[in-house]
Structure formats: C-alpha cells, structure tokens
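Hello,

Here is the structure I promised to pass on to you. Please have a look, and my notes follow below it.

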Amino acid sequence: MNGVYLKGDKLVATGHEISRADVVGWGGDWITFYGDWRDSDVDSGYQYCQDSLAKALDKGTFKLRDMIEDADCYNIAMNLRTIKKPGWSIVDEIALNLQPGGVYQSRFNRFYHNRFGGTKASASAIAKEMLTGGEAIIKAGRTLLLEKGYGPFIKLPSMLSDKELGGFCDGFADVLSQLAG
C-alpha cells in the first residue's frame, strides 16, 4: 500500500504503463506467479492461471488472499491520495473499504476498473507489461527476483513467444475479470 500511496500518481498514467508502485503490490505477486508456472509441469500458462491463480487453498505465490490484499491496498491508497476530507485517516478509509457492501467482489471491481481499465484486453496488456516492460530498475528487479527464486536458467518472460506469454497474461485477465464479477 505504501508504494501506491507514495508513488500512486505514476499508476494513473495513460496506456498500459507500469510503475514501481505496481511492483510492490500486485506486480510482485504476478512476477513470482510467473516463476511458479515456469517451475511447474503445466505447459499452458492460461490453464495454469485457471487452475492456480487466486485460489483460496492453493499453495502458490498468488493466492486469493494475496489478490484481495493487493486490491484492497490499491483501493485504499488511491482513495487516500484523492480524498481531501479534513481529519480523514487511513483507519477511516479501511473501515469504509471493509464495510458491509464492501464485499470482496465490489472491491475487486474497483481494482479491475481503476487499475486495469475494466477490460480483459487492457488487463492482459498490463500483465504482459509487468513481465516484459518497465523502466530499467523494474527490469533488473524482475530478473533478479526470478533468477534468485527459480534459478539462473529460468526462461524469462521476454524469451517466450507472444502466443505463449499472451496466453498466460490472458489467463490473468480472465481470472481478474471473474473476481470482479
């Protein structure tokens, strides 16, 4: 949440850009989930997402709890950046976010629309950008994270075909869309 709160202005950039704030939230989980996929016996990235992404009981690195936390932190931090009520605090914002009617689907819906543009195509493109793009420090951090966590011979995202990586990112977008309701 600190990354979005402190660097959130970079998240509302046009197009499918990513920022350091993304990396310390959903993007870091997404990068390690990519490593899990490449370390698994599942060939299809799309199928791996359908089977393992945002599942309550999965042992992977991007469980439902992680996705909920990423969505909540993004929503809370962005609201804190934009709401200018005198005396409004993080405690107030958390209470508002978690109140009845703030069930996780409505929280995912806000996250999906506000961060990912509310379309599968946009969510897939942003997920792909997280795995292949970004400024130099993001690229270096992503490579370090994958090589330290999964070995120096892991096939980096940029080494995959567009079809293979696209299927994985489409899987992310479909799961996120389903969670958003």
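**What I found**

E69 is partly exposed, at a relative accessible area of 39% (buried means under 20%, exposed over 50% and partly exposed in between, with a 1.4 Å probe and protein chains only). Before the rest, a word on the source: this is a predicted model, in which local features need pLDDT of at least 70 and side-chain atom pairs count only at pLDDT 80 or more, while totals for chains, interfaces and linings use all residues. Residues are numbered from 1 along each chain as its sequence is written, and side-chain values use heavy atoms, with hydrogens and water left out.

Back to E69: its side chain meets that of R65 in a salt bridge, 3.6 Å from N to O. By salt bridge I mean a side-chain nitrogen of Lys or Arg within 4 Å of a carboxyl oxygen of Asp or Glu. The two residues are four apart in helix 4 (residues 64–82), so about one helical turn separates them. Helices here are DSSP runs of H or I with at least four residues, numbered from the N terminus.

Another pair involves K120 and D174, whose closest N and O atoms are 3.4 Å apart in a salt bridge. K120 belongs to helix 7 and D174 to helix 9 (residues 162–180), so this contact ties together parts that are 54 residues apart in sequence. K120 is partly exposed at 41% relative accessibility, whereas D174 is buried at 15%. Salt bridges with shared partners also join R65, D66 and E69 into one network.

Across the whole structure, a search finds eight salt bridges. One of them links R20 to E135, with 3.0 Å between the closest N and O atoms. R20 sits in helix 2 (residues 20–39) and E135 in the loop between helix 7 and helix 8 (136–150), so the pair connects parts that are 115 residues apart in sequence. Both ends are partly exposed: R20 has a relative accessible area of 45% and E135 one of 37%.

After helix 7 comes G134, with a positive phi near 95°.

Best wishes
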